[in-house]
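Here is a quick tour for anyone meeting this protein for the first time. Take a look at the sequence and the model, and then we'll walk through the fold together.

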Amino acid sequence: MKNLIALVVVLVMSTTIMSAKNFNSAEDLPKAVKKVVKLLEATRFDEELEKEVVVKVDIKVNTANEIVVLCVGTDKVNIRRFIANNLNYKKIDAGQLKQGSEYSFYVTFKPNI
């Protein structure tokens with residue numbers, strides 16, 4: 001019984017420590033978000049959409065301060081290609097995001113009215 005309690009305590013502590021390690025309070029995320037939005041607005045998405053599409057995008061910042069798209073959470077090839085073409089290997093200011101860190105955000109595509 002003591003071993004089981006010790007195991008539960010260790011699991012809770014390790015989960016708490018891992019979630020605390022992922023928190024980066026010193027980063028200037030609003031500037032980085034504006035930069036990503038600007039990159040995605042550079043060209044318009046040409047496909048006609050029937051309804052609003054929300055896509056989760058996972059990126060990483062490499063050692064050259066470039067955005068690398070890791071995953072685009074959609075089955076639509078045109079949306080994946082659009083996001084990858086507009087974000088992959090685009091420079092971002094060194095002070096905005098931490099090199100080697102992974103980030104996730106959502107992009108919303110709305111139909112033309």
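The model you're looking at is a predicted one.

Let's stay with α3 for a moment. Its buried residues are Ile79, Phe82, Ile83, Asn86 and Leu87. Looking down the axis of α3, you'd find these buried residues within an arc of 100 degrees, so they line one face of the helix. There's a simple background to that: an α-helix has 3.6 residues a turn, so residues three or four places apart point the same way.

Asparagine 86 sits in helix α3. The side chain of asparagine 86 reaches back to the backbone oxygen of phenylalanine 82, at 2.8 Å. Across from this helix there's leucine 39, which belongs to helix α2. Leucine 39 and asparagine 86 are 47 residues apart along the chain, yet 6.0 Å separates their C-alpha atoms. Leaving out residues up to four places away in sequence, leucine 39 touches Ile67, Asn86, Leu87 and Lys90.

Another asparagine worth a visit is asparagine 65, found in the loop between β1 (53-61) and β2 (67-72). Its side chain makes a polar contact of 2.8 Å with the side chain of glutamine 99.

| Residue | Relative accessibility |
|---|---|
| Leucine 39 | 14% |
| Asparagine 65 | 15% |
| Asparagine 86 | 11% |

Now for the wider layout. The protein has 3 helices and 3 strands, and from the N terminus on they run α-α-β-β-α-β. Of its 113 residues, 29% are buried. The accessible surface comes to about 8400 Å², with 57% of that belonging to carbon and sulfur atoms. If you take the contacts between residues at least 6 apart in sequence, 73% of them join residues at least 24 apart.

What about the inside? In soluble globular proteins, nonpolar side chains tend to be buried together. Here, the largest nonpolar core has 23 residues, and Val55, Val57, Ile83, Leu87 and Phe109 are the ones that touch the most other members. At least two residues of this core come from each of α2 (29-41), β1, β2, α3 (77-87) and β3 (102-109). The largest share, 5 residues, is supplied by β1.

Setting aside its neighbours within four places in sequence, valine 55 is in contact with Val72, Gly73, Thr74, Ile79, Ile83, Phe105, Tyr106, Val107 and Phe109.

One last stop: the aromatic rings. The structure holds 1 aromatic pair. The rings of phenylalanine 82 and phenylalanine 109 have centres 5.9 Å apart and planes at 75 degrees, so this pair is edge-to-face. Phenylalanine 82 lies in helix α3 while phenylalanine 109 lies in strand β3, so the pair ties together parts that are 27 residues apart in sequence. Are these two phenylalanines buried or exposed? Both phenylalanine 82 and phenylalanine 109 are buried.

Terms used
Residues are numbered from 1 along each chain as its sequence is written. This is a predicted model: local features need pLDDT of at least 70, side-chain atom pairs count only at pLDDT 80 or more; totals for chains, interfaces and linings use all residues. Side-chain values use heavy atoms; hydrogens and water are left out. Helices (H or I, at least four residues) and strands (E, at least two) are DSSP runs, numbered from the N terminus. Buried means under 20% relative accessible area, exposed over 50%, partly exposed in between (1.4 Å probe, protein chains only). A polar contact is a pair of N or O atoms within 3.5 Å; within protein, one must be able to donate a hydrogen and the other to accept it, and residues adjacent in sequence count only if both atoms are side-chain atoms. A nonpolar core is a set of buried Ala, Val, Leu, Ile, Met, Phe, Trp, Tyr and Cys residues joined through side-chain atoms within 4.5 Å. Contact means heavy atoms within 4.5 Å. Rings of Phe, Tyr and Trp (its six-membered ring) pair if their centres lie within 6.5 Å; planes under 30 degrees apart count as stacked, over 60 as edge-to-face and the rest as tilted. Accessible areas come from the Shrake-Rupley method with a 1.4 Å probe; for residues, only the protein chains shown count as cover. The arc is that of the directions from the helix axis to the C-beta atoms.
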